[in-house]
Amino acid sequence: MPAYVIFDVEIRDATQYQAFMSGVKPALEAAGARYLARGGPHKVYEGDWEPRRIVLLEFPSVAAWEAFYNGPTYQGLKSIRDACSSARLVGVEGV
C-alpha cells in the first residue's frame with residue numbers, strides 16, 4: 001500500500017532551503033517517491049489548523065518512507081532543512 005506524507009513547512013531562508021531542495025529531489029526519486037502537491041495555494045475549510053506551506057508526497061509504502069526518512073541521505077539533508085525552516089509532518093498509510 002502507498003504511504004502519504006504531509007509536510008507543513010515554514011521557510012525562514014529561501015536560499016538555504018533551495019540547497020536542501022537540490023539534494024532532496026533526487027533522493028526522493030531514488031526512494032520511489034513523488035510529489036502530489038508542493039506549496040500551491042491552500043484553504044482551510046474546517047478547524048483551527050493554520051498551515052504555512054503544504055507539501056504532499058507519495059511513497060510506495062510506509063517501509064519505503066521510513067527507510068528514506070531514517071536513512072543517512074535524508075538525515076544529512078534534514079540538518080540543512082532544520083537550519084532554514086521548521087516543519088510538521090505526518091505519514092499515513094494509503095488504501
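With 95 residues, the protein would have a radius of gyration near 12 Å if it were a compact globule; its value of 13 Å agrees with this. The model is predicted. Along the principal axes, the C-alpha atoms fill a box of roughly 35 × 35 × 15 Å.

The protein has three helices and four strands, which follow one another along the sequence as β-α-β-β-α-α-β. Among contacts with a separation of 6 or more, 77% join residues 24 or more positions apart. Of the 95 residues, 31% count as buried. The accessible surface is about 5,900 Å², and carbon and sulfur atoms contribute 55% of it. There are 10 positive and 11 negative charges, with mean positions 6 Å apart.

Nine aromatic pairs are found in the whole structure. In one of them, the rings of F20 and Y74 have planes at 70° and centres 6.3 Å apart, so the pair is edge-to-face. F20 belongs to helix α1 (residues 14-30) and Y74 to helix α3 (residues 72-84), so this pair ties together parts 54 residues apart in sequence.

Another pair is W65 and Y69: the ring centres are 5.2 Å apart and the planes lie at 40°, so the arrangement is tilted. Both residues are in helix α2 (residues 62-70), four residues apart, and are therefore separated by about one helical turn.

| Residue | Relative accessible area | Class |
|---|---|---|
| F20 | 3% | buried |
| Y74 | 2% | buried |
| W65 | 9% | buried |
| Y69 | 22% | partly exposed |

F20, W65, Y69 and Y74 are among the members of one aromatic cluster, which also includes F7, Y17, F59 and F68.

Note on methods. Residues numbered from 1 in each chain as written. Predicted model: local features only at pLDDT ≥ 70, side-chain atom pairs only at ≥ 80, totals over all residues. Heavy atoms only, no water. Helix = DSSP H or I, 4+ residues; strand = E, 2+ residues; numbered from the N terminus. Rg over C-alpha atoms; globule rule 2.2 N^0.38 Å. Buried < 20%, exposed > 50% of the residue type's maximum accessible area, 1.4 Å probe, protein only. Contact = heavy atoms within 4.5 Å. Areas by Shrake-Rupley, 256 points an atom, 1.4 Å probe, with all protein chains shown as cover. Lys, Arg positive; Asp, Glu negative; His and termini not counted. Charge placed at Lys NZ, Arg CZ, Asp CG, Glu CD. Phe/Tyr/Trp six-rings, centres within 6.5 Å; stacked < 30°, edge-to-face > 60°.
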